[in-house]
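We'll go through it piece by piece, rings to begin with.

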Amino acid sequence: IQKKKGIKAAARREKLNQIEFEWSTRKASFNRFYNLAVKWREENGGRDINDHAKGELHFLPLGRFLERQRKLYQRGSVYISAEQIERLKDLGLDLDPRKTLWDEAYAKLKAMEREKGSVSLVDIKDPDLHAWVKKQRQNRVGSNRGLAMLTDERKTKLESLKGWKWSVTFDENLNELRDFYEKGGSRLKLRQHSYSLYMWLHRQRRRAHAIGPLKPKHVEKLNEVEPTWRQTTQFHYMTHKYPELQAVAEAHSIEGTGRSDLWDLNYAAYCQFRADADAFSCPKLARRLVAWENVQRSLVLQGKLDKERTELLEKVSGSIIRQTG
């Protein structure tokens with residue numbers, strides 16, 4: 001600082017140099033925080049300096065300093081010298097924790113390959129490693145959700161693993177679904193748990209009904225894990241929310257696999273309700289059937305309900321279905 005103010009006297013500079021005065025403010029700041037980090041380790045019994053991100057240092061100046069050094073290192077900034085990098089490494093600071101985590105996970109897959117001869121998501125029991133493998137598959141090409149693309153080097157390393165596949169297999173998804181149910185999950189909570197798994201089950205249902213039959217072994221496995229997988233989501237929701245509707249569906253052999261099955265279920269319950277207003281003990285279900293009747297009446301008046309369904313409703317309620325009040 002004094003040098004910048006114009007103090008050029010050689011004698012004064014010499015005195016400052018003798019006490020190892022640091023002329024660079026950046027280096028002086030680095031040395032001050034570095035010494036604080038060394039002191040922090042000594043006061044905490046040699047505790048790992050990388051714990052600062054999870055502990056009391058995270059929001060303190062020392063914690064912010066360590067995070068900044070990491071960012072400078074990862075960017076290849078000129079504001080961190082090779083000497084400073086070595087000093088931080090000697091301190092035990094992990095300058096690129098993401099790379100460290102990636103290398104550790106890859107090492108686990110490599111160990112699995114040596115032990116079992118190949119790698120498969122089906123055989124991975126570690127939930128963290130399981131999630132890591134799924135993330136690498138997503139990061140292969142990136143996405144609109146901002147996922148970073150894998151580098152060519154990492155792609156090559158993963159593809160060198162025997163049994164590695166970029167696409168998720170049927171058995172992998174099925175095992176994930178089974179684990180979810182074994183931990184107390186249900187189909188109604190599946191979308192919240194994993195949207196990708198929810199959509200996979202949805203695609204199996206569409207393939208079975210629209211595209212063509214699934215492989216018999218796949219159908220057998222799905223029936224074992226999720227007996228109601230063929231039902232549409234809304235049909236499944238209604239029959240589980242109102243058990244009495246489930247009884248109606250069974251009585252009329254309504255499977256709930258097609259779009260029209262939900263209407264058929266409501267119609268069957270409505271017929272039972274019109275014949276006996278006390279047929280259902282659940283007041284909410286009774287109110288829902290009244291609301292459903294009003295919706296059908298509105299559709300008839302707008303000409304949006306087909307002739308066959310209109311005639312079915314009129315058989316039960318007569319001209320009431322055409323009334324506006």
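Start with the aromatics: Trp 263, Tyr 267, Tyr 270 and Trp 292 are joined into a cluster by ring pairs. Keep in mind that this is a predicted model. The count of aromatic pairs comes to 11. One of them is Phe 30 with Tyr 34, a stacked pair with 6.0 Å centre to centre and 15 degrees between the planes. Why do Phe 30 and Tyr 34 sit about one helical turn apart? Because the two residues are 4 apart in helix 2, which covers residues 25–43. In general, an α-helix has 3.6 residues a turn, so residues three or four places apart point the same way. Both Phe 30 and Tyr 34 are buried.

Another pair, Phe 180 with Tyr 181, is tilted: here the centres are 5.7 Å apart and the planes make 40 degrees. Phe 180 and Tyr 181 are buried as well.

Now for how two helices sit against each other. Helix 8 (residues 170–182) and helix 11 (residues 216–225) have axes that come within 10 Å and cross at roughly 10 degrees. Angles under 35 degrees count as roughly parallel, and therefore helix 8 and helix 11 are roughly parallel to each other. On the helix 8 side, the contact is made by Phe 170, Asp 171, Leu 174, Leu 177, Arg 178 and Tyr 181. Helix 11 brings His 218, Lys 221, Leu 222 and Val 225 to the contact. Sorted by class, that contact has 6 nonpolar, 1 polar and 3 charged residues. Tyr 181 turns up here again, as a contact residue of helix 8 and as a member of the tilted pair with Phe 180.

The buried residues in helix 3 are Leu 62, Gly 63, Phe 65, Leu 66, Gln 69, Arg 70 and Leu 72. Just after helix 3, Gly 76 takes a positive phi of about 70 degrees.

A positive phi also shows up in a residue other than glycine: Ser 253, with phi near 55 degrees. Ser 253 lies in the loop between helix 13 (243–251) and helix 14. Is Ser 253 buried or exposed? Its relative accessible area is 64%, so Ser 253 is exposed.

Cys 282 counts as partly exposed because its relative accessibility is 24%. Leaving aside residues up to four places away in sequence, Cys 282 touches Tyr 242 and Glu 244. Glu 244 is 38 residues away along the chain, yet its C-alpha atom and that of Cys 282 are separated by 8.3 Å.

Finally, zoom out to the whole protein. It has 16 helices and 0 strands. Of its 325 residues, 34% count as buried. Take the contacts between residues at least 6 apart in sequence: 50% of them join residues at least 24 apart.

Methods: Residues are numbered from 1 along each chain as its sequence is written. This is a predicted model: local features need pLDDT of at least 70, side-chain atom pairs count only at pLDDT 80 or more; totals for chains, interfaces and linings use all residues. Side-chain values use heavy atoms; hydrogens and water are left out. Buried means under 20% relative accessible area, exposed over 50%, partly exposed in between (1.4 Å probe, protein chains only). Axes are lines fitted to C-alpha atoms, for helices over the stretch in contact, and angles run from 0 to 180 degrees between N-to-C directions. Angles under 35 degrees count as roughly parallel, over 145 as roughly antiparallel, 65 to 115 as roughly perpendicular and the rest as oblique. Contact means heavy atoms within 4.5 Å. Ala, Val, Leu, Ile, Met, Phe, Trp, Tyr, Cys and Pro count as nonpolar, Asp, Glu, Lys and Arg as charged, and the others, Gly among them, as polar. Rings of Phe, Tyr and Trp (its six-membered ring) pair if their centres lie within 6.5 Å; planes under 30 degrees apart count as stacked, over 60 as edge-to-face and the rest as tilted.
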